[in-house]
Amino acid sequence: MTSNIAAEYIQRESTNIGEFNREVVYENIRKNVLETLRQSLRPEFLNRIDETIVFSSLVPDEIKQIVELQLGHLRGLLEEKDVTLGVTDVAITHIAEASFDQTYGARPIKRYINRELSQRVAKMMLAGELQPGECLTVDAADGTLTLSSERSQEGEEVTA
């Protein structure tokens, strides 16, 4: 079970998180959220909850890691079609910034990748613009994802 109790407080206080004070700010957030929880819910309900976890806000590097995990699904589907997927760091940063929402967390990342990347890749395959044995490179320029494909050379190592 999840709750958005004190979500606004968490968002507001999370802006104070820096490289060196993350643990301290998180601990203050956790204490205040648990107190708000006790004030908001009846004791007999709280007594039925085994454990309460307060999640800390994600930092940019963690968001990029989530983007990379979500891209793994597309990478696997393309490998089944003998297509290699390469994604630049610029593209990963673009996807992270364009899809992450402080209110909704990382959930929109998957939808963004589906809408802005997977659907475009499928159209390329259907149009014959992306063939087995090719490498698809995803980059970003001027606020949009760019896709380019080229024939992989035999024995060429493609980084992901």
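Aspartate 142 is exposed, with a relative accessible area of 82% (exposed means over 50%, buried under 20%, and partly exposed in between, using a 1.4 Å probe and protein chains only). Aspartate 142 sits in the loop between β2 and β3 (strands are DSSP runs of E of at least two residues, helices are runs of H or I of at least four, and both are numbered from the N terminus). The model is predicted: local features need pLDDT of at least 70, side-chain atom pairs count only at pLDDT 80 or more, and totals for chains, interfaces and linings use all residues. Residues are numbered from 1 along each chain as its sequence is written, and side-chain values use heavy atoms, with hydrogens and water left out.

**The sheet**

- Three strands make an open sheet with mixed pairing, in the order β1-β2-β3 (strands pair if DSSP finds at least two bridges between them).
- The edges are β1 (84-87) and β3 (144-151); each has a single partner strand, so one side of each has no neighbour in the sheet.
- On average, neighbouring strands are turned by 20° against each other, direction ignored (axes are lines fitted to C-alpha atoms, for helices over the stretch in contact, and angles between N-to-C directions run from 0 to 180 degrees).
- β2 covers residues 134-141 and pairs with β3 in the antiparallel sense, over eight bridges.
- Within that pairing, leucine 136 stands opposite serine 149.
- Threonine 137 has serine 148 of β3 as its bridge partner.
- β2 and β3 form a hairpin, with two residues between them.

**Helices across the sheet**

- Helix α4 (residues 60-80) lies across β1 and β2 (contact means heavy atoms within 4.5 Å).
- α4 runs at about 150° to β1.
- Helix α6 (residues 107-126) lies across β2 and β3, at about 35° to β3.

**Inside α6**

- The 20 residues of α6 should span 28 Å at 1.5 Å a residue, and the end C-alpha atoms are 28 Å apart, which agrees (the expected span is 1.5 Å times one less than the number of residues).
- An α-helix has 3.6 residues a turn, so residues three or four places apart point the same way.
- Just after α6, glycine 128 takes a positive phi of about 80°.

**α5 and serine 99**

- The buried residues of α5 are Ala91, Ile92, His94, Ile95, Ala96 and Ser99.
- They pack against α4, β1, α6, β2 and β3.
- Serine 99 has a relative accessible area of 5% and is therefore buried.
- The serine 99 side chain reaches the backbone oxygen of isoleucine 95 at 2.5 Å (a polar contact is a pair of N or O atoms within 3.5 Å; within protein, one must be able to donate a hydrogen and the other to accept it, and residues adjacent in sequence count only if both atoms are side-chain atoms).
- Leaving aside neighbours within four places in sequence, serine 99 contacts Pro108, Ile109 and Tyr112.

- Most residues other than glycine have a negative phi.
- Aspartate 82 has a positive phi near 60°.
- Aspartate 82 lies in the loop between α4 and β1, and is partly exposed at 48% relative accessibility.
- Aspartate 142, in the turn of the hairpin, has a positive phi of about 55°.

- Asparagine 16 lies in the loop between α1 (7-14) and α2.
- Its relative accessible area is 44%, so asparagine 16 is partly exposed.
- Not counting residues up to four places away in sequence, asparagine 16 touches Asn21 and Val25.
- The C-alpha atoms of asparagine 16 and tyrosine 26 are separated by 9.7 Å, and the two are ten residues apart along the chain.
- Glutamate 35 lies in helix α2 (residues 22-40), and is partly exposed at 35% relative accessibility.
- Glutamate 35 and aspartate 89 are 54 residues apart along the chain, with 41 Å between their C-alpha atoms.
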